Amino acid sequence: MGYDVQAVVAGDEVLRIASRELPGSAVIRLGQGLSMMPMTDELFGGVGKH
């Protein structure tokens, strides 16, 4: 069984700012100044609108 994760990994502040403009986004802190934003179907649909 496999699992495929599509996400953006970037600095905490960068993703925190981006998440304000993207409804339905979630930012998960990974440590060492990095965070991850999983790319859900809702985000894929909304990214092109901004």
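Start by selecting Val9, Ile28, Leu30 and Leu34: together they make a nonpolar surface patch with about 330 Å² of accessible area. A patch here takes residues with over 30% relative accessible area and no salt bridge, joining like charges within 9 Å and nonpolar side chains (Val, Leu, Ile, Met, Phe, Trp, Tyr) within 5 Å. A salt bridge would be a side-chain nitrogen of Lys or Arg within 4 Å of a carboxyl oxygen of Asp or Glu. Areas come from the Shrake-Rupley method with a 1.4 Å probe, and for residues only the protein chains shown count as cover.

Before moving on, note that this is a predicted model, with local features needing pLDDT of at least 70, side-chain atom pairs counting only at pLDDT 80 or more, and totals for chains, interfaces and linings using all residues. Residues are numbered from 1 along each chain as its sequence is written, and side-chain values use heavy atoms, leaving out hydrogens and water.

Now click on Leu34, which lies in strand β3.

Next, show the whole sheet. It is open, with three strands in the order β1-β3-β2 and antiparallel pairing. β1 (7-11) and β2 (28-31) are the edge strands, each with a single partner, so one side of each has no neighbour in the sheet. From one strand to the next, the twist averages 30°. Strands are DSSP E runs of at least two residues, helices H or I runs of at least four, both numbered from the N terminus; two strands pair if DSSP finds at least two bridges between them.

Select β1 with β3 (residues 34-38): five bridges hold this antiparallel pair, and Ala7 has Pro38 as its bridge partner in β3. Contact means heavy atoms within 4.5 Å; axes are lines fitted to C-alpha atoms, for helices over the stretch in contact, with angles from 0 to 180 degrees between N-to-C directions.

Finally, zoom out: the elements run β-α-β-β-α from the N terminus, and 18% of the 50 residues count as buried.

Methods:
Buried < 20%, exposed > 50% of the residue type's maximum accessible area, 1.4 Å probe, protein only.
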